[in-house]
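Hi,

Here is the structure I said I would pass on.

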Amino acid sequence: MLNVALPKGRLGEKVYKMLERAGYSCKDVLSDSRKLIFTDEQNGVSYFWVKPSDVAIYVERGVADIGVAGKDILAESGADIYELLDLGIGKCKMAVASVNGYREDISRPLRVATKFPRIAAAYYGGKNREIDIIKLYGSIELAPILGLSDVIVDIVETGTTLKENNMSVIADIFPISARLIANKACYKFKGEEIDAAVERLKKELPV
């Protein structure tokens with residue numbers, strides 16, 4: 001039995017459909033039910049829905065054998081897991097952005113507003129740039145517009161929100177997509193089943 005943590009929302013639904021096509025179907029997973037756990041003995045799989053930012057925790061702690069999480073969540077959480085496969089969906093990027101025409105003042109620490117302090121610290125640490133991290137939880141774009149920060153480190157998908165607020169990307173940090181991950185201990189005991197799932201999923205990847 002493979003225990004799979006799926007992220008709630010559209011991404012999780014896309015992932016489930018990939019798994020379903022790969023032979024891991026489970027009745028009522030996509031129903032309107034408030035049920036969170038679904039098991040199919042015949043196909044040897046058990047799914048449960050969790051908040052996207054919690055998937056890596058469930059996998060790291062061994063409650064789930066495998067799961068699917070965005071590269072942004074994995075990088076920010078620092079979870080000790082195996083990253084097995086890039087599923088090629090949920091594509092966007094982590095980037096640095098600011099108001100158009102912004103010029104950096106290198107004589108002082110850079111004020112960085114972000115939901116991703118670990119990622120921001122690692123990125124600027126690699127550049128030996130001293131920063132002042134301002135942790136925010138929403139509307140990150142407001143920070144440089146209102147003078148709270150110099151730049152933001154955030155997920156950029158289409159860039160539309162930035163354009164509408166007279167902002168633009170200064171630098172790309174890394175590409176983001178959904179990744180299949182596995183618990184390290186579970187992989188030792190269920191390696192064959194997990195590897196089989198990976199091989200099946202490879203055939204379902206978007207071209």
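**What turned up**

Let me start with strand β6, residues 92-99, which is mostly covered: six of its eight residues are buried. Bear in mind throughout that this is a predicted model.

β6 has partners in β9 and β10. With strand β10 (residues 167-176) the pairing is antiparallel and runs over eight bridges; M94 sits opposite F174 there. With strand β9 (residues 151-156) the sense is also antiparallel, over five bridges, and K93 stands opposite V156.

**The cores**

The largest nonpolar core holds 27 residues, and Y47 and L87 are the ones that touch the most other members. Two or more residues come from each of β1, α1, β3 (45-50), β4, β11 and α7. Setting aside residues up to four places away in sequence, L87 touches V15, M18, V68, A178, L180, L201, L205 and P206. Another core, of 16 residues, lies apart from that one, and C92, F116, F174 and I176 are among its members. As a reminder, nonpolar side chains in soluble globular proteins tend to be buried together.

**The bent helix**

Now for α7, which I'd look at next. Where does α7 bend? At K190, by about 95°.

The buried residues of α7 are C186, G191, I194, A197, V198 and L201. They pack against β1 (2-7), α1 (10-21), β4 (66-70), β5 (82-86) and β11 (178-182).

N183 is in the loop between β11 and α7. N183 caps the N-terminal end of α7, with a side-chain oxygen 2.9 Å from the backbone nitrogen of A185. Is N183 buried or exposed? Its relative accessibility is 5%, so N183 counts as buried, the cut-off for buried being under 20%.

The side chain of N183 also reaches two backbone oxygens: that of V59 at 2.8 Å and that of E60 at 3.0 Å. Leaving out neighbours within four places in sequence, N183 is in contact with V59, E60, R61, G62, A64, D65 and Y82.

Cheers

Methods: Residues numbered from 1 in each chain as written. Predicted model: local features only at pLDDT ≥ 70, side-chain atom pairs only at ≥ 80, totals over all residues. Heavy atoms only, no water. Bend = angle between axes of the 7 residues up to and from the residue. Helix = DSSP H or I, 4+ residues; strand = E, 2+ residues; numbered from the N terminus. Buried < 20%, exposed > 50% of the residue type's maximum accessible area, 1.4 Å probe, protein only. Contact = heavy atoms within 4.5 Å. Polar contact = N/O pair within 3.5 Å; in protein donor to acceptor, adjacent residues only side chain to side chain. Core = buried A, V, L, I, M, F, W, Y, C linked by side-chain atoms within 4.5 Å. Pairing = 2+ DSSP bridges.
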